[in-house]
Amino acid sequence: MPAPPQLAFTEVHFERDAEAAATFLSQNTWPFHASSTLTIDEARQVRLSPPDQVRAFWISENSAPVGIIRAFDLEHAGTGSVLFDLRIAGQHRGRGIGRAAVAWIVDRLFADYPSLHRIEAATRIDNQAMRRALESNQFRLEGQLRQTWSSDHGTRYDTALYGRLRTDG
């Protein structure tokens, strides 16, 4: 098995990085998201702030962005659950970046939010790579929602719901 990638995670600063993030999101495809492609205008609508609700981080390898991970619902960190969204550029998938990014965001969220008890994740039922990344980071499958995820071509997919408690690690 090849060595895991050497990644760097840096916070996306809305004022400085919003256009670069929109460009990244619009120039890649996201086959397991509700919209597999985003126009630049749609990508500009992806929430990167305010920081008390959403935090986004570049995932970089050799100083080049290979993905973005966003944590949201941060205003509920003390009383509810935080969720995250992970997007890895197509040419970088299948190399362990998703697994490493999930491990990093779990560590970061539990460190930055001491009262955070739970992190949730939802993915399309057929997204086997994301499901492996979650399960390898002690997320537990907690449920399946039937036909909740519609693709660009009208196919409906189930959603797999995962949760990770602070005490699971």
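This is a working chat about the predicted model shown above.

Colleague: What kind of model is this, and what pLDDT do local features need?
Modeller: It is a predicted model: local features need pLDDT of at least 70, side-chain atom pairs count only at pLDDT 80 or more, and totals for chains, interfaces and linings use all residues. Residues are numbered from 1 along each chain as its sequence is written, and side-chain values use heavy atoms, with hydrogens and water left out.

Colleague: How many helices and strands does the protein have?
Modeller: There are 4 helices and 7 strands. Helices (H or I, at least four residues) and strands (E, at least two) are DSSP runs, numbered from the N terminus. The order from the N terminus is β-α-α-β-β-β-α-β-α-β-β.

Colleague: What is the radius of gyration?
Modeller: The protein has 15 Å. A compact globule of 169 residues would have a value near 15 Å, so the two agree. The radius is taken over C-alpha atoms, and the globule rule is 2.2 Å times the number of residues to the power 0.38. Along the principal axes, the C-alpha trace spans about 40 × 40 × 35 Å.

Colleague: What share of the residues is buried?
Modeller: Buried residues make up 45% of the 169. Buried means under 20% relative accessible area, exposed over 50%, and partly exposed in between (1.4 Å probe, protein chains only).

Colleague: Switching to helix α1. Which of its residues are buried?
Modeller: Asp-17, Ala-21, Ala-22, Phe-24 and Leu-25. Their cover includes β1 (8-11), α2 (40-44), β2 (54-61), β3 (64-72) and β4.

Colleague: What span should α1 have?
Modeller: Its 13 residues (14-26) should span 18 Å at 1.5 Å a residue. The expected span is 1.5 Å times one less than the number of residues. The end C-alpha atoms of α1 are 17 Å apart, which agrees.

Colleague: Now aromatics. How many pairs are there?
Modeller: The whole structure has 5 aromatic pairs. Rings of Phe, Tyr and Trp (its six-membered ring) pair if their centres lie within 6.5 Å; planes under 30 degrees apart count as stacked, over 60 as edge-to-face and the rest as tilted. One of the pairs is Phe-24 with Trp-30: centres 5.9 Å apart, planes at 45°, so tilted. Both residues are buried.

Colleague: And why is Phe-57 with Trp-104 edge-to-face?
Modeller: Their planes are at 70°, so the pair is edge-to-face, with centres 4.8 Å apart. The pair links distant parts of the chain: Phe-57 is in strand β2 and Trp-104 in helix α3, 47 residues apart. Phe-57 has 2% relative accessibility, so it counts as buried.

Colleague: Which charged ends sit over rings?
Modeller: Arg-87 sits over the ring of Trp-30, 5.5 Å from its centre. Arg-124 sits over the ring of Tyr-157, 3.7 Å from its centre. A charge sits over a ring if NZ of Lys or CZ of Arg is within 6 Å of the ring centre and within 35 degrees of the ring normal.

Colleague: Where is Tyr-157, and what is it in contact with?
Modeller: Tyr-157 is in strand β7 (156-165). Contact means heavy atoms within 4.5 Å. Leaving aside neighbours within four places in sequence, Tyr-157 is in contact with Arg-124, Asp-126, Gln-147, Thr-148, Trp-149 and Ser-151.

Colleague: Last one: is His-92 buried or exposed?
Modeller: Its relative accessibility is 18%, so His-92 counts as buried. His-92 is in the loop between β4 (82-88) and α3 (97-112). Beyond neighbours within four places in sequence, His-92 is in contact with Glu-61, Val-66 and Ile-97.
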